[in-house]
Structure formats: C-alpha cells, structure tokens
Amino acid sequence: AIGFSIYYPLGEKEKIEKRKEVSQQIEDFGSSKEYMEYSVLLNKAGDFGTGFKYLNKAVELDPKLHLGYRGWIRLRKMRDYDEALADFDRLDSLTPNFVDAPWGEDIDFLRGECYFGKKDYPKAIKLFSRHIKNQKEGWADIYSFVYLGLCEYELGNYQKAISEFQRALNQFEYTPEAYFGTAKAYEKMGDVEKAREYTIKAENNMHYKRDDVYNEFLNEIYLSEILKFKQQLNN
C-alpha cells in the first residue's frame, strides 16, 4: 500500500508529461492525420474539450477527410444536432456526386438522425427515405425504417407508422424497436389486443435491440419501459 501511494502519483505525473510532449510535437509538426488520431484518443476518453482542439485543426487542414468524424461525434456523443448537420452538409458540398459515409455510416441516415433529434420529423422522413432510395430497400440500414415509423408516429400518422415498422420487420423479423413502435401505434388507435400482442413480441426480442456500450441511440428502447407499457395496457 505504501509503495502504491508513492509510485502511483509518479506514474500519473509521467503520463501527464508524456501527453504534453506528444501534444507539443503534434502542434509543431503534425499532419491532419496525426491531429485526427490524437483527437480520437482524447474523445474516446471523454475529453471533448481538448479533443476538439486537435479535431478542429485536422478539419482545417483536410476538411474532406475529417468533417465526417467531427459531425459523427457531435451527433452521437454530444447531441449537438445543428453543428453536426453543418459538418455533414459541408462535407456533402465538398464531395459532389459521391455518397459519403462518415465513420462508416451513410450520411443521409446520420442527417436523418439529426433532424429526428431536432424533432423536425418531415425533414427526417425526407433524409431517411433518401438513404433507403440510394442504398436500396434490402441494403439500407434497418433502423431507417424504424425511424420512419417513429416519425410518422410522432406526426400522428399511426397506420402509416405501422406500415413503416412492418418494413423493418420484413428485413429482420426480430427487431424489437419495430414491435414496440407498432404496439404503441395500435394503442393510440384503440386496439389494445394488438398492442398487447406486439408488446409481448418486443419483450421477447429485446436481446436483438440496437445497442452500443459507448453510445445511447436516439431510438434506443429499454426493457423497463416495455414492461411499464405492458402494465398500462393490462390496467
């Protein structure tokens, strides 16, 4: 314990000094790639304040290469929808006749998520629909159909929402988000029996939910809310 108390602070001090040394080297001689890589390490640690210092420099040096990642971070990590859209739109303008895929995801899908987060459901529908058109029905991100259903639900178009959720289930029959969305739409339409049926299907397929240990998705569902909804239906 005594040895740990002596050497642990020393180790942390050395880490801090090493980080300062690396930071200075990048600032003095770094390429856009090095700025980017260092920002990724910092952002993964949750140090967005410092991470963006280097990420912004990477974007300044090579916007086409790094705007997508900055937009992705702003969307998924920071929920800064307007700034994320600004990055995605600027990237799109720099790459005409090319469908960008920031951090491996289709740009229109990501823009659709931004508009969904802003509660601008008509624009979200437009972007998710364009993603599906460009990628083709069988290749589009399955959650684009789920989002379309959620948008129609929020707009009060419950039958249309059910149709969109069914498109997701046609692609993958174990999609709990689609089952749960369908259940809520049926409940709004007054069909409690159908709502119960689809709530049970959502519960039984929760192990297939959209999940990421590092990110909470905008359309993420939880077993607790399904069970609460199920109880409400039973009452």
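Guide: Helices (H or I, at least four residues) and strands (E, at least two) are DSSP runs, numbered from the N terminus. This is a predicted model, in which local features need pLDDT of at least 70, side-chain atom pairs count only at pLDDT 80 or more, and totals for chains, interfaces and linings use all residues. Residues are numbered from 1 along each chain as its sequence is written, and side-chain values use heavy atoms, with hydrogens and water left out.

Visitor: How many helices are there in the protein?

Guide: The elements run α-α-α-α-α-α-α-α-α-α-α-α from the N terminus. There are 0 strands, and the number of helices is 12.

Visitor: What separates Lys194 and Glu197 in helix α11?

Guide: Their side chains meet in a salt bridge (a side-chain nitrogen of Lys or Arg within 4 Å of a carboxyl oxygen of Asp or Glu), at 3.9 Å from N to O. Because the two are 3 residues apart in helix α11 (residues 192-204), Lys194 and Glu197 are separated by about one helical turn.

Visitor: Which helix holds Arg111, the salt-bridge partner of Asp89?

Guide: The side chains of Asp89 and Arg111 form a salt bridge of 2.8 Å, N to O. Asp89 lies in helix α5, so the pair ties together parts that are 22 residues apart in sequence, and Arg111 lies in helix α6 (residues 107-117).

Visitor: Is Arg111 buried or exposed?

Guide: Buried means under 20% relative accessible area, exposed over 50%, and partly exposed in between (1.4 Å probe, protein chains only). Asp89, at 36%, is partly exposed. Arg111 has a relative accessible area of 6%, so Arg111 is buried.
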